[in-house]
Amino acid sequence: MTPRRGKIHVAVATIVFFSLGACAPTKPPLDQLDAASRALGVARDAGASERAVDAYRAAAQRFDEAQAAEGRREYALAADLAAESQVGSELAAAQARLARLRQDVDRMHRENAILAGELHQVPATELPR
Amino acid sequence: MSAAVRNFMAAWAAVLVLAFAAGAVEARDDDYMRLSARLDLLAADPVLGTRAPAEMELARAALAALADSGRSQRAHWVYMAEQRIDLARAAAEIAVLERTFVDLQREHDRLQLELARRDAAAARAELERQRLQSQIRAEEAARLQAEAEAARSEGEQAANAARAEAAQAKRMAAAQARATALARKEAELAAALGEGGAAAAPASRRLTLADSTFPQGKATLAPGASQQIQKAVAFAGSDPKATVRIEVATTDRAIAEERARVIRDAMVAAGVDASRLTTAASLAKSRRIDIVLQD
């Protein structure tokens, strides 16, 4: 390698380093963290902590990791983890709603079966006396 | 190091780099292909495929981001795509179940309405049945009441007849008692006659009238003598076939005869047949008036 080619390599490496540095976030992802926190609250209110335990726990864990990354000033990682927590919370809320809906549908099936049974029963007043 | 050796090592390094790069791309393609297949399967589902278009679009965007992602972002986008696909499936299932639930609610309402109508019809039928039964009971009660009224009327008539019979019996008993009393009295009177010393007639055939029948020394009936006359009449009636002799004794014969005649007239006036009556007057120290029945 000639000295001239080495200088060129150093220059290119420097430019690449600073370019990459310029692309990395320099501010904490507060909006993403806030959105993730709200999504976690919505999931909790939807009963996800009881009906979608695994999904809710994973979302909460990612939110904790996002906050920790933000504390370490690893803002890109914090933003990614916040986004993962948010979508995880949305999934937990959906699964909780799904579980509740399944219960409601099952209950309605049973009630309708009972009503249909009553309807097909001969009323006492119509029995021969 | 010779130039040949350096070239050989550089060539091997290039081969290793190329192999590593090819492996990474293959792994990335595997995740992408797996997730893409899952999303395609969901989209092709006849029930769920079209139920959550917005969530499906977000899942496709995440897959596209995965396809475009570098090595540092690959795990993130694999996670995001996986979650988005799961979310799309859950959203589609929610939409289906919500629709099912609405249908079930509608069926529930229909069944309840039908039951309510049937119950109302049954209630109306029961009401009508009760009304008819009530009417039947009322008619039966009226019939029984009429029968009871008739029976009570008959009972009253029977009771009246019984009362009348009882009254008649009572009257008869009273008459019988009176007759018995009269007979007893007659016997007493007869006994009294016997005690009076009349020799010939038995006690039951002689009746002695009280001294007060005539005032002292007179031949006219004293006030209150009518009772003595009635006693004499009754005594004469106790044996209608017998002749009745009226015996009067006093210290004055004329007065005795007059008194006998007065008693005879009074008894005739009271209904005694005159042909049955005879009179006898005599002198005696003690005054005496006897009515004697003779066969």
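**Chat on a two-chain predicted model**

Me: Where is B:Ala270 found?
Reply: B:Ala270 sits in the loop between α5 and β3 of chain B. Helices (H or I, at least four residues) and strands (E, at least two) are DSSP runs, numbered from the N terminus. This is a predicted model, in which local features need pLDDT of at least 70 and side-chain atom pairs count only at pLDDT 80 or more, while totals for chains, interfaces and linings use all residues. Residues are numbered from 1 along each chain as its sequence is written, and chains are lettered from A and ligands numbered from 1 in the order in which they are written.

Me: Why does B:Ala270 count as partly exposed?
Reply: Because 15 other C-beta atoms lie within 10 Å of B:Ala270. A residue is buried with 20 or more other C-beta atoms within 10 Å of its own, exposed with 12 or fewer, and partly exposed in between, the C-beta atoms being placed from the backbone.

Me: And which residues is B:Ala270 in contact with, leaving aside neighbours within four places in sequence?
Reply: B:Ile229, B:Gln230 and B:Val233. Contact means that the C-beta atoms of two residues, placed from the backbone, lie within 7 Å.

Me: What do β2(B), helix α5 of chain B and β3(B) make?
Reply: A right-handed β-α-β unit, with α5 covering residues 253–269. Right-handed means that, with the strands pointing away from the viewer, the path from the first strand over the helix to the second runs clockwise. β2(B) and β3 (residues 277–283) run parallel and are joined by seven bridges; B:Val248 has B:Ala281 as its bridge partner in β3(B). Two strands pair if DSSP finds at least two bridges between them.

Me: Which way do β2 and β4 of chain B run, parallel or antiparallel?
Reply: Antiparallel, with seven bridges between β2 (residues 243–250) and β4 (residues 288–294). Opposite B:Arg245 stands B:Val292 of β4(B), and opposite B:Ala249 stands B:Arg288. β4(B) is also joined to β1 (residues 206–209) by four bridges, again in an antiparallel arrangement, and there B:Leu207 has B:Ile291 as its partner.

Me: How many residues of β4(B) are buried?
Reply: Five of its seven, so β4(B) is largely enclosed by the rest of the structure.

Me: Changing topic: what is the secondary structure of chain B?
Reply: Five helices and four strands, in the order α-α-α-β-α-β-α-β-β along the sequence. Of its 295 residues, 22% count as buried.

Me: How many helices and strands are there in chain A?
Reply: Chain A has five helices and zero strands. It has 129 residues, of which 31% are buried. Of the contacts in chain A with a separation of 6 or more, 76% involve residues 24 or more positions apart.

Me: How many residues of chain A are in contact with chain B?
Reply: 26 residues of chain A, which touch 27 residues of chain B. The chain A side comprises twelve nonpolar, five polar and nine charged residues. Here Ala, Val, Leu, Ile, Met, Phe, Trp, Tyr, Cys and Pro count as nonpolar, Asp, Glu, Lys and Arg as charged, and the others, Gly among them, as polar.

Me: Which residues touch the most other members of the largest nonpolar core?
Reply: Of its 48 residues, these are A:Ala43, A:Ala48, A:Ala92, B:Ala59, B:Ala81 and B:Ala88. At least two core residues come from each of α2 (30–45), α4 (53–71) and α5 (75–120) of chain A and α1 (3–44), α2 (53–68) and α3 (71–195) of chain B. A nonpolar core is a set of buried Ala, Val, Leu, Ile, Met, Phe, Trp, Tyr and Cys residues joined through C-beta atoms within 7 Å. A second, separate core has 19 residues, including B:Phe235, B:Val262, B:Val272 and B:Val292.

Me: Which residues of α4(A) are buried?
Reply: A:Ala55, A:Tyr56, A:Ala59, A:Ala60, A:Arg62, A:Phe63, A:Ala66, A:Ala69 and A:Glu70. Their cover includes α2, α3 (48–51) and α5 of chain A.

Me: What about phi of A:Arg73?
Reply: It is near 65°, a positive value in a residue other than glycine. A:Arg73 belongs to the loop between α4 and α5 of chain A. A:Arg73 is exposed, because 11 other C-beta atoms lie within 10 Å.
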